[in-house]
Amino acid sequence: MIYLNNSATTYPKPPEVINAISNAFLSYEGDSSRLFSGDSIDNDIISLARKKIANFFNIKKENNLIFTSGSTESLNLLIRGFEYQHRRIITTVTEHNSVLRPLYRVQKGSSIELSFIPCDGDGYIDFDVLSKEVSKPFDYFIINHASNVTGSIQNIEKIGEIVKHYNGFFIIDASQSAGAESIDIEKSNVDFIAFTGHKSLYGVSGIGGFYVSDELKKVLNPLKVGGTGVRSLEKTQPQELPFYYEAGTKNYMGILSLYHGVSFVEKTSIEAIKKHKNRMVQIAFNNLKNIKEINIVSPNVIQKGGSIFAFNVNNFTNEDIVYILKESFDIIVRSGYHCAPLMFDYIGYDKIFSRGTIRVTPSYFTTESEMESFCFAIKEIVGI
Ligand SMILES: Cc1ncc(COP(=O)(O)O)c(C=O)c1O
């Protein structure tokens, strides 16, 4: 099987991740009920992971790094736990449904206004509109760092520089970028960053988290409360971080996988991973760009170092291509709108990219020969 759907979730995981989890399952350390039982080994692993990930994003206070089940949970807490003041949120058309649906939910039946910043045909947001939008009061400015549709990367340091002059919080959805692009909390003036573990941090699914600034924490309520292992005699959730947002038994295996996934990324280096993925994408681009039946999404982003090869094929539905690749060639890719519905109005959806796109996403473990097999399969399907 050739797996080319790494933007959804990375496969395979690095050997150190697999080994750590297998070993933990076989030993008493893998029993999550011991997590806060005073067993120093378990507690150490949680705090070591918190330290490592905080350091990875240049977060000075590691307790401001909170573990959740992933970006969706982090973003729900952000959007639904907030005490809105100005009742206005600025976001972009590149957002994932993990941002959009919680936003629509808080907007429903309330006076909250949503303002969307458009993007160009490659998925880069419009800075002129951004400058106008931030000049009116807002609570949140939420932006998807890396598009899971075109692969475009927004300049978060420049945006953070603009947003910090206004009285609103700067939020980043780093689901696609954590582990794939370097992120420096200090340099980007970020108040909240949502990340997921099962993509470019090479952990398992069901683990992720967020960073929250001290300022934002003052007006951001937890969505769930419960046991924390500390202050058991009190009726209310402990106010101090990370306990304020971390009620219930943690995903011990997930956190362990994240620790080793981040170690893998650090050891390999983000630059080397990025370079490899772009080299794989370039193989597809160079092989298929001159075939007249094939429409490639955002070639500019690919040329700039992007790690997504998205396309569709004249006279075929995207679903048919995905089905044939799977059934006849054992190649896994993904088709559709990739949970980012608004963006398709801006990248030419009405013209050639109807029914979304076919998305091909390699990882650090994808080989040249796998990419060549994919290109061969597409040429076969198209009849070349
Ligand atoms: C841009 C973006 N945001 C949010 C998510 C949701 O992440 P999670 O799987 O951790 O809930 C994804 C995952 O597909 C994503 O690509």
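Good morning. In this predicted model, the protein chain has a mean pLDDT (the predictor's confidence in each residue, from 0 to 100) of 93, and 94% of its residues reach 70 or more. Residues 33-42 have a pLDDT below 50, and this stretch has nine contacts in the model beyond near neighbours in sequence; two residues are in contact if their C-beta atoms, placed from the backbone, lie within 7 Å.

Residues are numbered from 1 along each chain as its sequence is written. Local features need pLDDT of at least 70, side-chain atom pairs count only at pLDDT 80 or more, and totals for chains, interfaces and linings use all residues.

I turn to the helices, which are DSSP runs (H or I, at least four residues) numbered from the N terminus. The axes of H1 (residues 15-26) and H9 (residues 252-268) come within 8 Å and cross at roughly 155 degrees; axes are lines fitted to C-alpha atoms over the stretch in contact, and angles run from 0 to 180 degrees between N-to-C directions. H1 and H9 are therefore roughly antiparallel (over 145 degrees).

For H10 (residues 270-288) and H13 (residues 368-382), the packing angle is about 30 degrees, with the axes 9 Å apart. These two helices are therefore roughly parallel (under 35 degrees). To their contact H10 contributes Met280, Ile283, Ala284, Asn287 and Leu288, while H13 contributes residues including Met371, Phe374 and Ile378.

Finally, the ligand. Among the residues surrounding the ligand are His96, Asn144, Asp173 and Gln176, where near means a C-beta atom, placed from the backbone, within 6 Å. Thank you.

Technical notes: Angles under 35 degrees count as roughly parallel, over 145 as roughly antiparallel, 65 to 115 as roughly perpendicular and the rest as oblique.
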